[in-house]
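Thanks for coming. I'll take a few minutes to walk through one model, and you can follow along on the screen.

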Amino acid sequence: MPQTLTEQQILELDSKHVWHPYSAFNMPLAPFPVASADGVRLTLKDGRELIDGMSSWWSVLHGYNHPKLKAAAKDQIDTMAHVMFGGLTHEPAVRLCKTLVDITPEGLEKVFISDSGSVACEVAIKMAFQYWISQGQKQKNKLITVRNGYHGDTFATMSVSDPSTGMHHMFNEVLAQQIFVEAPQCLFNDEFEESHVSDLKNTLEEKHQNIAAMIIEPIVQGTGGMRFYSPLYLKRVKELCEEFNILLICDEIATGFGRTGKMFACEYAGISPDIICVGKALTGGFMSLAATITSEKIATGICEGEAGVFMHGPTFMANPLACSVANASLDLLLNDNWQGKVKNLEQQLIKGLEPAKKLKQVADVRVLGGIGVIELHEPVHMPTVQPLFVEEGIWVRPFGKLVYILPPFVISDEDVASLTAAMVRVVNRI
Ligand SMILES: *Cc1c(COP(=O)(O)O)cnc(C)c1O
């Protein structure tokens, strides 16, 4: 192979050997080779520059190629890129866990670090099951969740992601069967009524003796439809979990670290779950890292059982490089008036997406914090639509009927205006 590959060579090898997310090898549209990324711009191999609307799937908060994140990585590489976490500990991990305890809702104190969001949710689910086993309640071996959810691509997480509209219905026969209730019907600004939780309440009344935990994405159902629901609904979920003695797992992997306008979306409802999962933006999009955080009560409860320990331990647990970058990213976020930035981004998104409301192909336009969504009446045809965004000089990756953006927090008003205007122009051509 030559030292550097041409665009054509990259594409050829890619189409021959490389899987992409949710892809096949005969896809009608090839991926775009990207050469570099800086700030809010991606530079393609052919020289074109795109304003990034995706934050690489919710993760890039401070823009690409940030000098402070790079410096943290370089410093850590020179000291110790990796070391096993069994029997050893180190400053980057300890610092990170302390910060996570400080910024997550009250009562969450014990941190389990892992490599990806799906694993963080697997760990949360295992914690819940192991807790009840330790309490002598083995029959609490089911999970309850709402429809339209998404918690990852591994088997336990697939079992609680939406069973019918989700991407995994074909695996139903091999998945653990969990309990689903109606998706939150009370949207973000709607008036909450007790009838909005009747399905949940009735199901809990009937089945709570066999339920270990409820898992839910707080306030924003992401991959399952980019739906924003009422904080009062979440508040009632928490009350019902307490009433029926089941644990509450909040999956903040997409919503965490300021994206919705609160540090964690749970704060809208003023609740503390028993277990919280974070990931995606944890390292500011620099590398893969996730965490599952629980209370003293659950941690102690797990460890007083027969096993005496929590039964999980990834090889690359608490990788020092990833932890150092996470520490640098959280430092940046916490010292950066992120509330002001996200509030302003919200205003710019509302303004910029407003013209889409008039288009006949558009069913709804909604904005919450740094998330802007145009929902269409019909699913988009990716092979024709994706190149239109690139021609317009923006990077937007729709799915189904949803054309959405969640730019890095550091984006300028001017770039938001260009991004949203281009997005509306493309939607208009669909
Ligand atoms: C992305 C996501 C996950 C899965 O995270 P991965 O890092 O892709 O495994 C889980 N839950 C939610 C809410 C997510 O948005």
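First, the ground rules. This is a predicted model, in which local features need pLDDT of at least 70 and side-chain atom pairs count only at pLDDT 80 or more, while totals for chains, interfaces and linings use all residues. Residues are numbered from 1 along each chain as its sequence is written, and side-chain values use heavy atoms, with hydrogens and water left out.

Let's start with the core. A nonpolar core here is a set of buried Ala, Val, Leu, Ile, Met, Phe, Trp, Tyr and Cys residues joined through side-chain atoms within 4.5 Å. Buried means under 20% relative accessible area, exposed means over 50%, and partly exposed is in between, with a 1.4 Å probe and protein chains only. The largest nonpolar core has 119 residues, and Met 214 and Phe 257 have the most contacts inside it. Helix H5 gives the most to this core, with 9 residues; helices are DSSP runs of H or I with at least four residues, strands are runs of E with at least two, and both are numbered from the N terminus. At least three residues of the core come from each of domain 1 (32-65 + 337-429) and domain 2 (71-334), with bounds from an automatic or database domain assignment. There is also a second, separate core of 7 residues, and Leu 69, Ala 72, Leu 321 and Leu 332 are among them.

What does Phe 257 touch, leaving aside its neighbours within four places in sequence? Its contacts, meaning heavy atoms within 4.5 Å, include Leu 61, Leu 100, Phe 264, Leu 330 and Phe 409.

On to the rings. The structure holds 9 aromatic pairs. Rings of Phe, Tyr and Trp (its six-membered ring) pair if their centres lie within 6.5 Å; planes under 30 degrees apart are stacked, over 60 edge-to-face, and the rest tilted. One of the pairs is Phe 112 with Phe 310, edge-to-face at 5.5 Å centre to centre and 90° between the planes. Phe 112 is in strand S4 (residues 108-114) and Phe 310 is in the loop between helix H9 (296-303) and helix H10 (320-334), so the pair ties together parts 198 residues apart in sequence. Phe 112 is buried at 8% relative accessible area, and Phe 310 is buried at 16%. Phe 257 and Phe 264 have ring centres 5.4 Å apart and planes at 65°, so that pair is edge-to-face.

Gln 130 is buried, at 9% relative accessible area.

Next, helix H13 (residues 413-429). Its 17 residues should span 24 Å at 1.5 Å a residue, and the end C-alpha atoms are 24 Å apart, which agrees; the expected span is 1.5 Å times one less than the number of residues. Buried residues in H13 include Asp 415, Leu 419 and Met 423.

Last, the backbone. Most residues other than glycine have a negative phi. Asn 65 has a positive phi, near 60°, and Asn 148 has a positive one near 70°. Asn 65 is in the loop between helix H2 (55-58) and helix H3 (67-79) and is partly exposed at 37% relative accessibility. Asn 148 lies in the loop between strand S5 (142-146) and helix H6 (155-159) and counts as buried at 17%.
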